[in-house]
Amino acid sequence: MSALIFLALSTSGTAYAGGYLYSDSGIVATGRGGAWVAGADTQFAQRFNPAGLIRVEAPTINVGWSGIQQNISFERVNPEGGFYKPAVNQAAPFSVPQIGFATPIGEKFGFAFGFHSPFAPSSDYDEEGSQRYSVKDTSIIQFSLGPSLAWQPVKQFTIGLGVHYQLLQVSQSLDITYSGVDDPGGDIAIALAIMDATNVSFNVGMLIEPIDEVSVGLSFEPPHTYKAKGKAEVDFEGNAIEGLLNQTKYTDNDVLATIQLPMILRGGIAVRPVPKLEIETSVVWQQWSKVDDIPIEQVEFSLDVVEGSLLEVLIPPEEQTINQDFDIPQHFVNTMSYRLGGEYEIMDELDWRLGGFYETGALFHGPAFQVLGTTHW
């Protein structure tokens with residue numbers, strides 16, 4: 001039995017799921033369907049393409065808010081054929097504030113310092129649903145804070161660089177099993193609440209503008225790794241050995257999780273056929289295949305076994321402390337996003353934006369498609 005418990009904490013059967021969507025943020029970019037690499041022109045260019053800061057014309061304080069509701073459903077493959085009952089995400093809408101300062105510095109530089117964040121994927125699924133071996137609920141808070149600088153050595157070419165302090169806070173729960181089949185009697189509930197507030201990363205970008213009516217934008221964000229510390233819980237409630245334990249829930253307040261975030265490449269072409277209209281098409285590639293699992297280290301749980309029970313016979317006292325590291329499987333795949341959007345200046349104080357994107361998910365190869373739009377004063 002001890003070996004079975006250790007096995008459950010170190011491995012988990014493959015579960016196929018979908019719907020992981022890691023969207024870009026910002027009120028301008030959202031209104032354009034994320035097509036904002038070649039057309040980036042405010043402090044929020046810090047995230048998409050820092051070279052776009054060269055277009056800031058005057059010192060500006062930027063304040064924004066955006067939100068997203070992820071209406072996600074998917075079916076897990078049944079190893080015996082077909083699919084299980086669809087899993088539906090019931091998480092509340094996720095909101096992201098943005099704030100910062102941007103200013104030109106002479107004619108050849110643009111500078112910004114600000115807070116920006118992606119729409120991180122939050123989820124809330126049925127605790128007993130077929131997806132429980134991949135996810136039951138997830139909450140992610142992530143943001144970047146720091147300076148960015150754009151430099152235009154010649155009119156047709158601009159480069160940009162941003163350096164960012166980053167914070168990541170994650171809570172996630174799922175079930176693992178030592179029975180190897182979809183059986184609640186073999187399930188062990190795992191919950192994590194971890195945070196890394198020490199990460200630093202960067203991004204670079206460029207703008208190529210051969211003529212006033214056309215812009216080509218490129219940006220790169222390297223992969224980076226968070227070393228997040230916090231709490232892990234193991235809960236045997238509902239498990240076949242529940243009656244052999246004096247307590248079912250065990251907590252370790254000092255675990256370490258290694259979380260990798262992907263390399264991101266963005267490219268876009270913007271055209272301005274008339275002075276007040278800009279249309280952009282862009283592509284975003286994210287290397288989620290690097291995120292195969294999340295290693296959990298520094299694990300230590302001491303089981304409280306009922307005295308005189310069969311479990312006490314099977315597990316000697318010296319083996320009743322679980323201190324084996326384990327992995328939370330992710331099995332992500334690379335994603336590709338195709339975006340089309342634009343904006344029209346109705347008057348000096350009023351812009352209208354419309355856009356949409358087609359994006360493959362990181363946990364499966366099916367698409368996500370959305371049409372978005374905003375009117376902005």
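## Asn199 and its surroundings

Setting aside neighbours within four places in sequence, Asn199 is in contact with His164, Tyr165, Gln166, His224, Thr225 and Tyr226, where contact means heavy atoms within 4.5 Å. Asn199 belongs to strand 9, residues 187–211. Its relative accessibility is 8%, so Asn199 counts as buried; buried means under 20% relative accessible area, exposed over 50%, and partly exposed in between, with a 1.4 Å probe and protein chains only.

The Asn199 side chain also reaches the backbone oxygen of Thr225, at 2.8 Å.

## Basis of the model

This is a predicted model, in which local features need pLDDT of at least 70 and side-chain atom pairs count only at pLDDT 80 or more, while totals for chains, interfaces and linings use all residues. Residues are numbered from 1 along each chain as its sequence is written, and side-chain values use heavy atoms, with hydrogens and water left out.

## The protein as a whole

The protein has four helices and 21 strands. These are DSSP runs numbered from the N terminus: helices are H or I with at least four residues, strands are E with at least two. Of the 377 residues in the protein, 51% are buried.

Among contacts with a separation of 6 or more, 71% are between residues 24 or more positions apart. The protein exposes about 17,100 Å², and carbon and sulfur atoms supply 60% of that area; accessible areas come from the Shrake-Rupley method with a 1.4 Å probe, and for residues only the protein chains shown count as cover.

Two strands pair if DSSP finds at least two bridges between them. Strand 7 (residues 137–154) and strand 8 (residues 157–177) run antiparallel and are joined by 14 bridges. They form a hairpin with two residues between them. Gln142 has Leu168 in strand 8 as its bridge partner.

Strand 8 also pairs with strand 9 in the antiparallel sense, over 20 bridges. Here Leu174 has Ile190 in strand 9 as its bridge partner.

## The largest pocket

The largest pocket has a volume of about 1,100 Å³, the space filled by probe spheres set on grid points joined across faces, edges and corners. On a 1 Å grid over the protein atoms alone, a pocket is an open set of points with protein on both sides within 12 Å along at least five of seven lines, where a 1.4 Å probe fits; lining residues have an atom within 4 Å of a point.

The lining has 40 residues, of which Asp41, Thr42, Arg55, Glu343 and Asp351 lie nearest the pocket centre. Elements giving two or more residues to this lining include helix 2 (27–31), strand 19 (335–347) and strand 20 (350–360). Strand 1 gives the most, with four residues.

Conventions
A polar contact is a pair of N or O atoms within 3.5 Å; within protein, one must be able to donate a hydrogen and the other to accept it, and residues adjacent in sequence count only if both atoms are side-chain atoms.
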